[in-house]
Amino acid sequence: MNQATADFIRQHADGDVRQLALQAKKNPEVNLPFALDQIAGRQTARRKLPSWAAIDGIVYPPHLSMEQCSSEQTARYKALLAEGTESVVDLTGGFGVDFSFLAKGVRRAVYVERQEPLCAIARQNFQLLGLTQAEVVCADSEDYLRQMEPADLIFIDPARRDSHGGRTYGITDCTPDVLALRPLLLQKARRVLLKLSPMLDWRKAVSDLGQDVVREVHIVSVGNECKELLVVIDTPLHALPGGEGRLVCVNDGQVFETALSASATLPLSPYRGDWEGALYLYEPNASIMKAGCFADVAQRFGVDAIARNSHLFVSGTLVADFPGRVFHIDTVTSMNKRELKEKLGSLSQANIAVRNFPLSVADLRRRLKISEGGSTYIFATTLANGERTLLICRKTATPPQPLRG
């Protein structure tokens with residue numbers, strides 16, 4: 001990088017890259033494509049990788065790679081799963097975000113990537129990040145796997161795009177094919193950590209990989225948005241104490257853990273038309289929604305499901321540590337026009353969600369003539385008896401106040 005390019009990056013660190021892209025003729029000595037990648041990359045890193053953004057000299061890849069790379073929050077979570085590890089090999093290095101956190105405090109850390117430009121970026125960045133023990137290897141992951149020395153942990157994030165650039169979600173459709181490599185992976189590492197698409201059905205992933213070797217499934221959400229599906233495979237579970245895998249649902253600071261084979265019975269709410277005593281409504285977070293472990297959540301926290309497929313829960317007393325959002329129920333109404341007018345009164349603004357309900361949010365807004373926003377929340381759902389119902393609520397953080405008619 002020449003001095004003109006370095007100066008341009010420093011002077012325009014907070015600039016609009018779309019406007020800066022028009023300045024090519026004004027700055028012929030500047031490597032503008034590279035400079036724009038660095039400016040945009042660091043701006044993204046401030047939000048996504050704050051510890052990286054704080055270090056001068058970090059080299060960033062093109063915009064698409066920055067948007068697709070792990071966030072610092074999810075990378076730190078993966079590092080927790082690697083605690084106590086002496087050696088780690090990342091077979092799909094990429095930009096190196098996950099590797100950089102997995103490698104901290106690890107005696108031997110190997111980053112494997114087949115694209116030499118990414119390897120060059122990694123070599124520079126790892127030095128700046130203090131990962132002096134990191135070994136960067138430019139090689140095909142499968143070739144390296146076959147000849148590598150055994151390690152405590154192998155991390156692999158298979159590419160989820162086909163040869164035409166289209167997205168893929170199934171394990172066998174990704175590159176490399178983890179299912180085909182499973183015997184070799186378990187031969188070369190004590191544990192294998194797989195990062196899979198959050199769109200993938202975790203039960204199918206367990207079935208495909210083999211229930212006898214899947215030790216852990218972690219569904220990781222950030223800001224109530226499901227980001228990653230992590231699977232830990234190990235030696236056959238029958239050789240481990242208890243012989244049972246675990247399912248962990250994480251959403252920021254909320255963590256819910258249960259057995260992979262948990263089969264609790266879903267408790268249904270005794271409340272029906274009058275809802276007398278059902279003061280609180282609970283909406284599970286995104287990870288639990290993805291996991292589908294509703295019966296275990298209901299039994300653990302002492303709440304009842306509104307209906308089998310509504311994925312909303314109620315209780316007469318407040319469960320403050322419920323893993324999701326908690327609301328106070330102000331009132332309940334059917335879809336009867338007269339009752340709607342009586343219960344909604346002059347309400348003109350609300351946040352609307354539908355759960356097991358025949359109308360979309362947009363359709364319901366039009367019918368109710370209610371705009372988006374405000375402090376009121378309306379959950380449209382179907383009760384166990386088939387009745388279409390609206391639950392008008394407020395978050396428990398706000399003292400409950402009656403709606404004005």
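Two strands count as paired if DSSP finds at least two bridges between them. Strands here are DSSP runs of E with at least two residues, helices are runs of H or I with at least four, and both are numbered from the N terminus. With that in hand, take β8: the bridge partner of S221 in this strand is N251. Keep in mind that you're looking at a predicted model, where local features need pLDDT of at least 70, side-chain atom pairs count only at pLDDT 80 or more, and totals for chains, interfaces and linings use all residues. Residues are numbered from 1 along each chain as its sequence is written, and side-chain values use heavy atoms, with hydrogens and water left out.

Let's stay with β8 for a bit. On one side of the pairing story is β6 (residues 214-222), which runs parallel to β8 and is joined to it by six bridges. Then there's β9, also joined to β8 by six bridges, but running antiparallel.

β8 and β9 make a hairpin with two residues between them. D252 sits in that loop, between β8 (246-251) and β9, and has a positive phi of about 55 degrees although it is not a glycine. Most residues other than glycine have a negative phi. At 37% relative accessibility, D252 counts as partly exposed. K369 also has a positive phi without being a glycine, near 60 degrees. You'll find K369 in the loop between α15 (361-368) and β15 (371-382), and with a relative accessible area of 72% this residue is exposed.

The structure holds twelve aromatic pairs, where rings of Phe, Tyr and Trp (its six-membered ring) pair if their centres lie within 6.5 Å; planes under 30 degrees apart count as stacked, over 60 as edge-to-face and the rest as tilted. Take F99 and Y111: their ring centres are 5.8 Å apart and their planes at 70 degrees, so this pair is edge-to-face. F99 belongs to helix α7 (residues 97-102) and Y111 to strand β2 (residues 108-113), twelve residues apart, and both F99 and Y111 are buried.

F256 and F301 give a tilted pair, because their ring centres are 6.2 Å apart with planes at 40 degrees. F256 lies in strand β9 (residues 254-259) and F301 in helix α13 (residues 294-301), so the pair ties together parts that are 45 residues apart in sequence.

Finally, some helix packing. The axes of α1 (residues 3-11) and α3 (residues 32-48) come within 9 Å and cross at roughly 35 degrees; axes are lines fitted to C-alpha atoms over the stretch in contact, and angles run from 0 to 180 degrees between N-to-C directions. Who makes the contact (heavy atoms within 4.5 Å)? T5, F8 and I9 of α1 meet L32, F34, A35, Q38 and I39 of α3.

How values were computed
Contact = heavy atoms within 4.5 Å. Buried < 20%, exposed > 50% of the residue type's maximum accessible area, 1.4 Å probe, protein only.
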